[in-house]
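I opened the notebook to go through this structure piece by piece.

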Amino acid sequence: MGAAAEMLGVTAAFLRALGAAKLIEPRRSSGGHRRYSRYQLRLAARARELVDQGTPVEAACRIIILEDQLAEALRINEAHGRPAEP
């Protein structure tokens, strides 16, 4: 967790808050250490951007979840030959 927090320029408490908000759920190593995927680190970096802009952590997490859902819906539509709306 410490390495991930340092890489993102956040505290371990911030990463735990993102976990509590269900934005990221790291895997655990055999020694009990939290392991974050690259995808989870990207989500945490986006959360930091929003929080730095004054968005509360819980709201930032909800925004990111909605952004992710929209991106997935657009990918599905594109895969089915439906162009994205402008």
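Predicted model: local features only at pLDDT ≥ 70, side-chain atom pairs only at ≥ 80, totals over all residues.

I then looked for a charged partner. The side chain of Arg75 meets that of Glu72 in a salt bridge, 2.8 Å from N to O. Both residues belong to helix H4. They sit 3 residues apart, about one turn of the helix. Glu72 is partly exposed as well, at 37% relative accessible area.

I noted the background rule here. Side chains of opposite charge can pair when their charged atoms come close.

**Entry: the other salt bridges**

How many salt bridges does a search of the whole structure find? I got 4.

I went to Arg46 next. Arg46 bridges to Glu49, and the closest N and O atoms are 3.1 Å apart. This pair lies in helix H3, with a spacing of 3 residues, about one turn of the helix. Arg46 has a relative accessible area of 25%, so I logged Arg46 as partly exposed. Glu49 reads 41% and is also partly exposed.

Arg48 has its own partner, Asp52, with the closest N and O atoms 3.4 Å apart. Again both residues lie in H3, this time 4 residues apart, about one turn of the helix. Arg48 is partly exposed at 31%. Asp52 reaches 55%, so Asp52 is exposed.

**Entry: helix H4**

I checked the length of H4. At 1.5 Å a residue, its 23 residues should span 33 Å. The end C-alpha atoms are 33 Å apart, which agrees.

Which residues of H4 are buried? I listed Ala60, Cys61 and Ile64. The buried residues of H4 pack against H2 and H3. Just after the helix, Gly81 takes a positive phi of about 80°.

**Entry: Ile64**

Is Ile64 buried or exposed? Its relative accessible area is 3%, and buried means under 20%, so Ile64 is buried.

Ile64 is in contact with Leu23, Leu43, Arg46, Ala47 and Leu50. Arg46 turns up again here. Ile64 and Arg46 are 18 residues apart in sequence. In space their C-alpha atoms are 7.4 Å apart.

**Entry: helix H3**

I ran the same length check on H3. Its 15 residues should span 21 Å at 1.5 Å a residue. The end C-alpha atoms are 21 Å apart, which agrees.

In H3 I found Gln40, Leu41, Leu43, Ala44, Ala47 and Leu50 buried. What covers the buried residues of H3? The cover includes H1, H2, strand S2 (34–35) and H4. Gly54 follows H3 and has a positive phi, near 105°.

**Entry: the nonpolar core**

I turned to the largest nonpolar core, which has 20 residues. Which residues have the most contacts inside it? They are Leu15, Leu18, Leu23, Ile24 and Tyr36. Helices H1 (2–8), H2 (12–20), H3 (38–52) and H4 are the elements that give two or more residues to this core. H3 gives the most, with 5 residues.

The general rule I wrote beside this entry: in soluble globular proteins, nonpolar side chains tend to be buried together.

I followed up on Leu15. Not counting residues up to four places away in sequence, Leu15 touches Met1, Ala4, Ala5, Leu8, Val10, Ile24, Tyr36 and Ala44. Ile24 and Tyr36 are also among the core residues with the most contacts. Ala44 is one of the buried residues of H3.

**Entry: Lys22**

My last stop was a backbone angle. Lys22 has a phi near 70°, a positive value in a residue other than glycine. Where is Lys22 found? I placed Lys22 in the loop between H2 and strand S1 (27–28). Lys22 has 57% relative accessibility and exposed means over 50%, so Lys22 counts as exposed.

Definitions and conventions:
Residues numbered from 1 in each chain as written. Heavy atoms only, no water. Buried < 20%, exposed > 50% of the residue type's maximum accessible area, 1.4 Å probe, protein only. Contact = heavy atoms within 4.5 Å. Core = buried A, V, L, I, M, F, W, Y, C linked by side-chain atoms within 4.5 Å. Expected span 1.5 Å × (residues − 1).
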